[in-house]
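Subject: Structure handover

Dear colleague,

I am passing on the structure below, followed by notes on what was found in it.

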Amino acid sequence: MRDYEDIGEGDSQGVGFDFKGFLFKALNLWKLILLCIGAALLVAYFINVRKESIYRLDSLITIDNEQNPFFTANTSISFNWGGVSGKVGSILTEIKTRTHNELVIDSLEYYKLYLKQGKYHLIDIYKDAPFNIITDKSKPQALNKEIGIKLLDDLSYEIFYEFTENKVLTQVFDSKEKLTTSVSVGMFSKVFKYGEVVNTPFFNGVVNLKPGVLVTKGDTYFVKYLNFDSVVNQYKNSINIEPYSKESSSVLRLSLIGKNKSKIVDFLNATSAILSRTELERKNLYATNTIKFIDSSLGAVDLNLKAVTDEMNSFRKDNKVFNVEDEISQISEQLKAYDLEKLNEESKLDYLNTLENYLRTKTDYTKIAAPSSVGIEEGNILTSVSRIIALSVERRNLEYSTKEGSILFEDVDRQLDTEKNVLLETINVTKQTIGVQLNTINRKIANLESKLIGLPEDQQEYLKIQRKLDLSREAFDIYQAKRGEAAIVKAANVSDITVIDEAKDIGDAPIGPNRTLNYMMGLMIGFFSPMFLIFVVYLLDSTIHGSDEVTRMSKIPILGLIGKYRYKNNLVAYEKPKSAVAESFRAIRSSLQFIFKNSVSETKANTLMITSSVSGEGKTFTSINIATVYALSGKKTILLGLDLRKPKIFGDFNITNERGIVNYLIGDNNLDEVVTNTHIENLDVIPSGPVPPNPSELLMGDKLKELITMLKQEYDMIILDTPPLGLVTDALELVQYADATIFMVRLDYTKKGMLQLVNAKHQTGELKNVSFVLNFYRHKNNHNYGYGYGYGYGYGYGVYGNTYHEKDDSSLLKKIKNFLKKI
């Protein structure tokens, strides 16, 4: 034998998700959805009107390897290094570095905001303020405080701010140091003259009225200082740089998004100017280092020249030697040439020794002087030095944008080590070559000096001093010429960065906020939020809401529909015979005739059992009113209160429950003593009587069977008001006496699982001739797609035929409550 659960599942017609039911539920709550959409669109509107417009402006710069016009074939000092491709990568990195953006923010003072109250919030007016503030960067300024400036007249203004704490965070913008400054709690207010130096714990500077500005008395503005590092970080993350096109990688586009177009224009143009200036300084770095090197050497040569000149003057003062023979003069000229050649080679050797020591002891190679400044023309040395300087600059740029330990650092360091090792090897070989040349020169000098040994000592001394003097002058002239050449080259250098299209406000339309998108988002949120809520509620809802759910879950037919009707008692069919509910019970009475005609009964009486799953589903209400409509139709009817555990029916007929069917079943009273005639013609009632300790045993006894047999001989219609089927088994004991059974289903109350129980009992034969009656039926909420026009025609009269029935007026408060219940 199958258990009830299996039988119920077999008899059920599916308990899956009812999409149509969900759709009708949503359509029924269209007012809620419309309300949510309206609220969401209203929120989107307020967001749109409160948000400031956002703009994007850009500028174009180009990076070219600009050749210095003074570089010619005869130029002895070369300072060019690197190439365009390397510089593009360097610029792409530098524009996002903190160092670069600090220079821009510091030059524009973007940490200072000029504000004015707008319709919804403070607006950054930037240059539109009628005054400008010269900030004292050596003194602290309060951070994130809207300090009020109220214009009084053409001569004075008022500074005000209300402090709620005695400590404020300040910053000194010279050193960028942050301090905690003490202030007085309460309102600060003081009048100052334009141009007067203001010194307060929270604001230090001078407020100057712009010339030609007409002051409106009482106009209030605000100045606000921001954390310098935060502002730098904001712009560093906001500035965008990218190649203008794939075909022209050396042309870059700078772009920035912001709320004030003037600030964007100034920032982009300042960025380009500072970038160009920084690049020129980097380009001149080689020349600057060379000039410093030449200046240091020139100083030593100058001192030596002065000393030799003094020595010659002293010699001439003490001796009478002013001329020598021509042959001796020629030898002296040759010696001077060798000495000059020796000096050049020694300068090269000194430079290489210094360079070698620098490479071995230093890590910053950006301060190396040009090898050509001392006459070194070795191509490998020139190339290696240029390459090392370029790699050093590249590594320094990486320090501002890349974390230490990055693979980029490893790659640059590896290239630097390789170039340095190659250069050190080249220096070693070049030093050996210079050493050989110096030995040769020294031998030649020694040979010529040997020819002068026969001269008088004073002439030898004179020639010696004269050679030293000529050599010093020659060296001085050479260094002077090289320094002048280096200075000219540096002065003539131009930046490799050129602005080809500067940033400008040409009336560009704002790019944000996207107001249309906000409205679309509001529309979607307003629609889908209640739909999702309805879906969740519908999914979790386990109660029955419409006749369509009943027909989908069970094959048991629906006998009738009873509308929701509030009345003072249960005698609606008797006291309100024209109501829609009374007509519904008459319709159920008519439908029952078809069932009773097909039933086999030995007597003229028909027995109707009315039960439900749990208490509160309208079982007693239905029992009383069905009994009433049968009695009013001329049928002699009796209503039995067989719910022995929770008696109810006696109250509506103004009778007591002291004696009833319990008294008959236990033998205390006979039938005539427990039957009560009601004020309704043809309707008698047997109440339940006192609550017994063993109701199930009493209903199973022969006395009840005897009672039903006696009543069938006397009455035309017997109505059994039984206990709930889902709570106790008493109702199952009474099925044997019923020709038909009504199972009450209260919409929005009865659980869907109870239908499985009824299906199972019907399938096993425990319930026979059972039909559903739907209580609390509401046509607008029914999901039966027209089903109610069949079984529920009685209630339909109440909907469409109010001419024949009394109106059921509802107050506004009731309508509101009903609407909330729907939700």
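How many bridges join strand β2 to β3? Strand β2 (residues 112-117) is joined to β3 by 3 bridges, and the two run antiparallel; within this pair, Gln117 stands opposite Leu122. Strands here are DSSP runs of E with at least two residues, helices are runs of H or I with at least four, both numbered from the N terminus, and two strands pair if DSSP finds at least two bridges between them.

Please bear in mind that this is a predicted model, in which local features need pLDDT of at least 70 and side-chain atom pairs count only at pLDDT 80 or more, while totals for chains, interfaces and linings use all residues. Residues are numbered from 1 along each chain as its sequence is written, and side-chain values use heavy atoms, leaving out hydrogens and water.

The pair belongs to an open, antiparallel sheet of 6 strands in the order β3-β2-β13-β6-β7-β10. Because β3 (122-124) and β10 (186-193) stand at the edges with a single partner strand each, one side of each is left without a neighbour in the sheet.

Not counting residues up to four places away in sequence, Lys703 touches Tyr664 and Leu665 (contact means heavy atoms within 4.5 Å), and its C-alpha lies 8.3 Å from that of Ile666, 37 residues apart in sequence.

Best regards
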